[in-house]
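Q: I'd like to learn how to read a model like this one, feature by feature. Can we walk through it together?

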Amino acid sequence: MSGSLVTKNGKNVVNKISDNQFQIEKDSSRGMNVPVTIFANDMLISKMALDRTLDQAVNVTTLPGVRKHMVVLPDGHEGYGFPVGGVAASDFEEGIISPGGVGYDINCGVRLIRTNLLESDIRSNLKHLVDSLFSSIPTGVGSEGAIKLTNAELDDLLIDGARWSVEHGYGIDSDLEACEEGGKMNGADPSDISTNARKRGSMQLGSLGSGNHFLEIQKVDKILDKKAANIMGITQEGEIQILIHCGSRGFGHQVCSDYLRLSEQAMKKYDLNVVDRELACVPNNSTEGESYRKSMFSALNFAWANRQMLTHWTRMTFQKVLNLTEQDLEMKLVYDVSHNIAKVERHKIDGEGSRDLVVHRKGATRAFPSGMKQLPLKFQSIGQPVIIPGSMGTASWVLLGSTKSMDLSFGSTAHGAGRTMSRSAAKRMHTLDGVKKKLESRGIYVRSLTKNGLIEESPDAYKDVDMVADVSHNVGIATKVVRLVPLGVIKG
DNA sequence: ATGTGC
């Protein structure tokens, strides 16, 4: 491919800066406040130009107070208003906050748990392990968890996040320091949460959900950065790891819906106009902005509490099936990262010094470098573990945040593979047997609640996660540490 | 993603 690429709506020209960096220049005449920077390669960016990904990124640059640039990561694809796989930073004082900039699944995220087991320790028990996980962890749309909370208990959980779960017996103290924000976002306040969100939330606590959410038993395929891997507790190839990918379930979904509606109404009051109604937003410093932040933070905490509970049941299942005690079976949390979040961070902007920005990461992972005070002590010297799940049944990656991310991507990198085939296309092109056979041929045992759940998540409906990790590594926003491959999967 | 699609 040579020359420049034009986006789907025909209005935006993409310039290639280098092999892995592209740009859409700022055009003030079309209301753009900043340029768009895209980290990709020729193949990935050509796919982004086929749908609305890049045009949506340009739309975001027209929002009030957007700073520096809109970032699109190599896994970018179209989403609700804002593209998924993007970072939009808005000025704390003069900018906006937008529910669509976080997305429906608030704090969709992943956590990686390392074990002291090798593949040979579990091969003969793999099916039993997967079956037991499948029966002890509720999956599927609308699935209900084992826990029923009163309103007052739910309030406590929404304020304390994973800490609530640990204090109620689901996990250990050291789990908390291995979570972004310690698994508890300060400033969460559930007082504006709707009754409807509460109703859905309290029922679904402690469940995995559906779509691309999964729990995988994986093994270490390759270690590329031994020093970083060792500090994370990952020591050798063949070591068993658990990856949990899920979010805030119907609770966060309802919070997002509630605030999209509220934002659309409040925009009239603030005389805010947006080029796409899906970009509904409110001034960050407004009553409505504060209300969304408090409620969205509550949903972050819901998701962290939820992943913490699933961690506990995973540990119990492994102990029981393998007949090992808590002492003999090490299952330590490596790290837990959020993929859908907005929070205030200080970032340098060329010519303006440092500013407080509302960093919207939608399908993006924080990738802070060494020395950042937000990181737990043991990662201060190397940087933050970044966990990137592939699609079900494909590889996943652990990367390491790097100083370049602070200059290039507001301290962020990609979050996953990103779809390349719609759910309906995946259904047309695959059968249940075909997908199962393909996974089995790779030695992967899957339990799924629904037929469509499996077909829609067929590995070839997604981009190549290795390519996504490569772009991140080559640009230097996060570097490769460990490649993981699945052995067993449970999903909705 | 989701008590799944205008």
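Q: Let's start with accessibility: is Arg 355 buried, partly exposed or exposed?
A: Keep in mind that this is a predicted model. Buried means under 20% relative accessible area and exposed means over 50%. Arg 355 comes out at 24%, so it is partly exposed.

Q: Which side chain does Arg 355 meet in a salt bridge?
A: The general idea is that side chains of opposite charge can pair when their charged atoms come close. Here, Arg 355 meets Glu 352, with 3.8 Å from N to O. Glu 352 is partly exposed too, at 42%. Both belong to a salt-bridge network that also takes in Arg 67, Asp 91 and Glu 94.

Q: How many salt bridges does a search of the whole structure find?
A: The search turns up 36. One of them joins the side chains of Arg 111 and Asp 336, at 2.7 Å from N to O. That pair links distant parts of the chain, since Arg 111 sits in strand β8 and Asp 336 in strand β12, 225 residues apart. Arg 111 is buried, with a relative accessible area of 0%, and Asp 336 is buried with 0% as well.

Q: And what does Asp 221 pair with?
A: Its salt-bridge partner is Arg 483, at 2.8 Å from N to O. Asp 221 is in strand β9 and Arg 483 in strand β20, so the pair ties together parts that are 262 residues apart in sequence. Asp 221 counts as partly exposed at 26%, while Arg 483 is buried at 16%.

Q: Which residues does UniProt list for "binding site"?
A: The unreviewed entry names Asp 105 and His 213. They span 109 residues in sequence, yet no two of their C-alpha atoms are more than 10.9 Å apart, so they gather at one spot. Asp 105 touches His 213, and its other contacts include Asn 340. Both are in loops: Asp 105 between β7 and β8, His 213 between α8 and β9. Asp 105 is buried at 18%, and His 213 is buried at 8%.

Note on methods. Residues numbered from 1 in each chain as written. Chains lettered and ligands numbered in written order. Predicted model: local features only at pLDDT ≥ 70, side-chain atom pairs only at ≥ 80, totals over all residues. Heavy atoms only, no water. UniProt positions renumbered as here; feature names shortened; annotations may be inferred. Helix = DSSP H or I, 4+ residues; strand = E, 2+ residues; numbered from the N terminus. Buried < 20%, exposed > 50% of the residue type's maximum accessible area, 1.4 Å probe, protein only. Contact = heavy atoms within 4.5 Å. Salt bridge = Lys/Arg side-chain N within 4 Å of Asp/Glu carboxyl O. Lists of a residue's contacts leave out its neighbours within four places in sequence.
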